[in-house]
Amino acid sequence: QVQLVESGGGLVQAGGSLRLSCAASGSPISVIFAMGWYRQAPGKQRELVARIIIGGSTNYADSVKGRFTISRDNAKNTVYLQMNSLKPEDTAVYYCNARWVGVLSTDYWGQGTQVTVSS
């Protein structure tokens with residue numbers, strides 16, 4: 001069982017920056033197949049924002065490439081999402097995800113943190 005707690009959301013003006021944190025417990029993130037950030041805006045489906053795989057490779061949604069950076073600190077068992085040049089369309093609830101791959105694949109989710117970007 002993996003528990004995830006997000007923090008760092010808030011209200012920011014367009015062009016500003018925020019850094020989200022996802023503190024994990026129950027398992028070292030270094031052995032989790034993938035850690036990722038998803039977001040869900042009102043009336044829209046949840047979408048992948050960024051993901052970091054166990055070997056260190058990363059994936060980003062096209063809409064955030066060049067603006068967002070995902071990273072992890074294994075010593076702190078925490079994953080971060082640095083968000084720069086924020087736009088109003090980045091407004092959403094951001095969720096941390098851990099994908100455990102074993103005999104069965106299991107997704108664990110945090111409770112979400114609200115990010116609101118004003119124009």
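Predicted model: local features only at pLDDT ≥ 70, side-chain atom pairs only at ≥ 80, totals over all residues.
## The open sheet

Four strands make up an open sheet, in which they follow the order β1-β3-β8-β7 with antiparallel pairing. The edges are formed by β1 (3–7) and β7 (68–73), each of which pairs on one side only. On average, neighbouring strands of this sheet are turned by 15° against each other, with direction ignored.

At one end of that order, β7 and strand β8 (residues 78–83) run antiparallel and are joined by 6 bridges. Within this pairing, Thr-69 has Gln-82 of β8 opposite to it. In general, the strands of a sheet pair through backbone hydrogen bonds, in either a parallel or an antiparallel manner.

## Strand β11 and its partners

Strand β11 (residues 113–118) pairs with strand β2 (residues 10–13) in the parallel sense, over 4 bridges. By contrast, β11 and β9 run antiparallel and are joined by 3 bridges. Val-115 takes part in both pairings: this residue of β11 is the bridge partner of Gly-10, and Ala-92 also stands opposite Val-115.

The two faces of β11 can be told apart. Thr-113, Val-115 and Val-117 form the covered face of the strand, whereas Gln-114, Thr-116 and Ser-118 form the uncovered one. In a regular strand, side chains alternate between the two faces of the sheet.

## Salt bridges

The whole structure contains 5 salt bridges. Side chains of opposite charge can pair when their charged atoms come close. A network of salt bridges links Arg-39, Glu-47, Arg-67 and Asp-90. Arg-39 counts as buried because its relative accessibility of 6% falls under 20%. Glu-47, with a relative accessible area of 36%, is partly exposed.

Arg-39 also meets Asp-90 in a salt bridge, with an N to O distance of 3.0 Å. Asp-90 lies in the loop between β8 and β9 while Arg-39 belongs to strand β4, so this pair ties together parts that are 51 residues apart in sequence. Asp-90 is likewise buried, at 1% relative accessibility.

A further salt bridge joins Asp-62 to Lys-65, where the closest N and O atoms are 3.1 Å apart. Asp-62 has a relative accessible area of 66%, and it is classed as exposed because this value is over 50%.

## The largest cavity

The model has 1 cavity of 30 Å³ or more. The volume of the largest cavity is about 50 Å³. Its lining consists of Ala-34, Met-35, Gly-36, Tyr-38, Arg-51, Asn-97 and Arg-99. By type, the lining residues divide into 3 nonpolar, 2 polar and 2 charged.

Two strands, β4 (34–40) and β9 (92–101), each supply at least two residues of this lining. The contribution of β4 is the greatest, at 4 residues.

Key
Residues numbered from 1 in each chain as written. Heavy atoms only, no water. 1 Å grid on protein atoms, 1.4 Å probe; cavity = no way out; pocket = protein on both sides within 12 Å on 5 of 7 lines; lining within 4 Å. Points joined across faces, edges and corners; volume = space filled by probe spheres on them. Nonpolar A, V, L, I, M, F, W, Y, C, P; charged D, E, K, R; others polar. Pairing = 2+ DSSP bridges. Axes fitted to C-alpha atoms, helices over the stretch in contact; angles between N-to-C directions. Salt bridge = Lys/Arg side-chain N within 4 Å of Asp/Glu carboxyl O. Buried < 20%, exposed > 50% of the residue type's maximum accessible area, 1.4 Å probe, protein only.
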